Amino acid sequence: MRLFMFTSQAKDDLHAFAGDESGTKLPAKYAPWGLTGTLNSRETPPHKFSRKAIEQAVSTEGFQLWRMKPKG
């Protein structure tokens, strides 16, 4: 599965993985969403995230949200 990475332009610390380049299933309440990258089927997700868990969420829900912890 090819994964697309997005950042919410409404909430700076909110990010998402989606199964389509347009992010059509991403939550509208955090839109607009900006595409930040793509992971091909054999690439490892950032931050040691479980690719299996991400793919399962994308298959079930259409997306997987994640946040960056504040530094400090």
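**Note on the fold, sheet and cores of a predicted model**

1. Among contacts in the protein chain between residues at least 6 apart in sequence, 56% join residues at least 24 apart; contact here means heavy atoms within 4.5 Å. This is a predicted model, in which local features need pLDDT of at least 70 and side-chain atom pairs count only at pLDDT 80 or more, while totals for chains, interfaces and linings use all residues. Residues are numbered from 1 along each chain as its sequence is written, and side-chain values use heavy atoms, with hydrogens and water left out.

2. The protein chain has 1 helix and 4 strands, and along the sequence these follow the pattern β-β-β-α-β. Helices (H or I, at least four residues) and strands (E, at least two) are DSSP runs, numbered from the N terminus. The radius of gyration of the protein chain is 12 Å, close to the 11 Å that the globule rule gives for 72 residues, so the chain is as compact as a globular protein of that length. That radius is taken over C-alpha atoms, and the globule rule is 2.2 Å times the number of residues to the power 0.38. Taken along the principal axes, the box filled by the C-alpha atoms is roughly 30 × 30 × 20 Å.

3. The strands form an open sheet of 4 strands in the order S3-S1-S2-S4, with antiparallel pairing. S3 and S4 stand at the edges, each with a single partner strand, so one side of each is left without a neighbour in the sheet. On average, neighbouring strands of this sheet are turned by 25° against each other, direction ignored. Two strands are said to pair if DSSP finds at least two bridges between them.

4. S1 and S2 are antiparallel over 4 bridges, and a hairpin of 5 residues joins S1 to S2. Within this pairing, Thr7 stands opposite His15 in S2. On the other pairing, S2 and S4 are antiparallel over 5 bridges, and the bridge partner of His15 in S4 is Trp66.

5. Phe4 stands opposite Ala18 in S2. Helix H1 packs on the sheet and touches S1, S2, S3 and S4; its direction makes about 130° with that of S4. Axes are lines fitted to C-alpha atoms, for helices over the stretch in contact, and angles run from 0 to 180 degrees between N-to-C directions.

6. Is S2 mostly covered or mostly open? S2 is mostly covered, with 5 of its 5 residues buried. Buried means under 20% relative accessible area, exposed over 50%, and partly exposed in between (1.4 Å probe, protein chains only). Leu14, Ala16 and Ala18 point one way from S2, whereas His15 and Phe17 point the other way. Over the whole protein chain, buried residues make up 38% of the 72 residues.

7. The largest nonpolar core has 9 residues: Phe4, Phe6, Leu14, Ala16, Ala18, Leu26, Tyr30, Trp33 and Phe63. A nonpolar core is a set of buried Ala, Val, Leu, Ile, Met, Phe, Trp, Tyr and Cys residues joined through side-chain atoms within 4.5 Å. Strand S1 (3–8) and strand S2 (14–18) are the elements that give two or more residues to this core, and S2 supplies the largest share, 3 residues. Another core, of 7 residues, lies apart from it and has among its members Leu3, Phe17, Val58 and Trp66.

8. Leaving aside neighbours within four places in sequence, Tyr30 is in contact with Ser8, Gln9, Ala10, Lys11 and Leu14.

9. The count of aromatic pairs comes to 3. Rings of Phe, Tyr and Trp (its six-membered ring) pair if their centres lie within 6.5 Å; planes under 30 degrees apart count as stacked, over 60 as edge-to-face and the rest as tilted. Phe17 and Phe49 form an edge-to-face pair, 6.2 Å centre to centre with 90° between the planes. Phe17 lies in strand S2 and Phe49 in the loop between strand S3 (33–39) and helix H1 (51–61), so the pair ties together parts that are 32 residues apart in sequence. Phe17 is buried, with a relative accessible area of 1%, whereas Phe49 is partly exposed at 27%.

10. The rings of Phe17 and Trp66 have their centres 6.0 Å apart and their planes at 25°, so this pair is stacked. Phe17 lies in strand S2 and Trp66 in strand S4 (residues 63–67), so the pair ties together parts that are 49 residues apart in sequence. Both Phe17 and Trp66 are buried. Ring pairs link Phe17, Phe49 and Trp66 into a cluster.
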